[in-house]
Amino acid sequence: MNVATLVGIANVGLWVCITVLAIYTLRHYFFTLNRLFGKHRQPFVDILEADWPSLVVFVPAHNESRVVRDSLDALLTCDYPEDRLKIVPIDDRSTDDTRTILVEYAENYPGRVIPFLRDGGTPGKAAALADAMEMHTDEIFLVFDADYIPGTRLLKQLVAPFFDPEVGAVMGRVVPLNVGLSLLTRLLDLERAGGYQVDQQARMNLRLVPQYGGTVGGVRRVALENVGGWRTDSLAEDTDLTVRLVIAGWDVVYQNRSECYEEVPETWESRIRQIKRWAKGHNQALRRYVGALIRNRSDLPLGQVIDGVLLLGVFVVPLVLLMGWFCTIILFYAGYPPQWGRLTILAISSFNTVGNFAAFFQVAAASRLDGSRERIRMLPFLFLGFLVSTVSVGRASLSRASWLRGRPVQWQKTERHREARVPRGKA
């Protein structure tokens, strides 16, 4: 390949990268303006009295002895009719004391806590959920990670949207409970605020595609069966299910006031593993469903199709960003003077398009909406999280595991650090 050809490819590649980054930047700005000045849509959250349907709460657990007690204790105090609620913690071949703890709760709360003890089958969260759900025919299934602490009213708030027969899945808001432990946990608190208070709620307001996040959410059993159940070969079973539900015509609802408390990663190593897992899972879903979304554009609202495609592509954006800067370097060393207009767009877009990891204006808007403006002082430090996310997601996107079909999956859980029991006031 001669220099002229290389320069031509780099020039075209740079324009493509800038276009993609600009689209995602405009998307973030659009969502932020909607949250600040648009109409807040939360139609189900104030339903307090109803004929509540039968409900099963699943808590997948693999080596979760440090945190699972707090989750079960909180679920047992939730305000939901006891005769219509079953709590099903799932032990999938744990090697710590998780199984012993679940059996203990089953003995102390017979008929209310019904553990599913799994010793074989396909490994992974999705496979464990699929096996456990086969044992139940209730109307609504909720799923919580083992470190999540629900508030007293959360179950009713998450079930309420299912009174609309077109709703297939629902998602609540995730709030970190270990915020003050380190710079990383504070940065993740900012990310969660921007991602849920602004990004998710804006998509709910605009009737686009709020994402069922796999935790603090639920699915209608009939809808789950309608789309073929859980895919056990997916690294991101929540994104996979979200897109399949949308393609099948089901609505996904986000409940911003339905808060649940989680333990975010406390070490950078754990955070990097989490980001890479998300990136690989999203990229698998992108390969599987982007074509189906586009082909169904006549059956779905155009806004949902566009938003669904952009949602699937968020973890490819860091790779596009790195390619854009690589093309810029090639052009520079080939003797072409910098085109400051393009460089300015690339630089501005770069910092606002990596999923929800570094959107300054989204985090600032979320802090204002939450009434916690002191968090804005942390905004300059988001640059550190931006760099880590960009490199980690870029590496994951280049991995063959992001795109392979039918690749076996293992439990992909975040390392837990909690040593003491969470005070009940936290729930």
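**Labels and their cut-offs**

Modeller: Arg288 and Asp233 are both buried, a label that means under 20% relative accessible area, with exposed meaning over 50% and partly exposed lying in between, for a 1.4 Å probe and protein chains only. The model is a predicted one, in which local features need pLDDT of at least 70 and side-chain atom pairs count only at pLDDT 80 or more, whereas totals for chains, interfaces and linings use all residues. Residues are numbered from 1 along each chain as its sequence is written, and side-chain values use heavy atoms, with hydrogens and water left out.

Colleague: What makes Arg288 and Asp233 a salt bridge?

Modeller: The term requires a side-chain nitrogen of Lys or Arg within 4 Å of a carboxyl oxygen of Asp or Glu; the closest N and O atoms of Arg288 and Asp233 are 3.1 Å apart, so the pair qualifies. Helices here are DSSP runs of H or I with at least four residues, numbered from the N terminus. Through shared partners, salt bridges join Arg288 and Asp233 with Arg231, Asp240 and Arg244 into one network.

Colleague: Which parts does the salt bridge between Glu191 and Arg271 tie together?

Modeller: The closest N and O atoms of Glu191 and Arg271 are 2.4 Å apart. Glu191 lies in helix H6 (residues 183-205) and Arg271 in helix H9 (residues 268-295), so the pair ties together parts that are 80 residues apart in sequence. Glu191 and Arg271 are both buried, and the structure holds 24 salt bridges.

Colleague: How do you know that the span of helix H14 agrees with expectation?

Modeller: The expected span is 1.5 Å times one less than the number of residues; for the 17 residues of H14 (residues 382-398) this gives 24 Å, and the end C-alpha atoms are 24 Å apart, so the values agree. The buried residues of H14 include Leu382, Phe386 and Val393.

Methods:
Helices (H or I, at least four residues) and strands (E, at least two) are DSSP runs, numbered from the N terminus.
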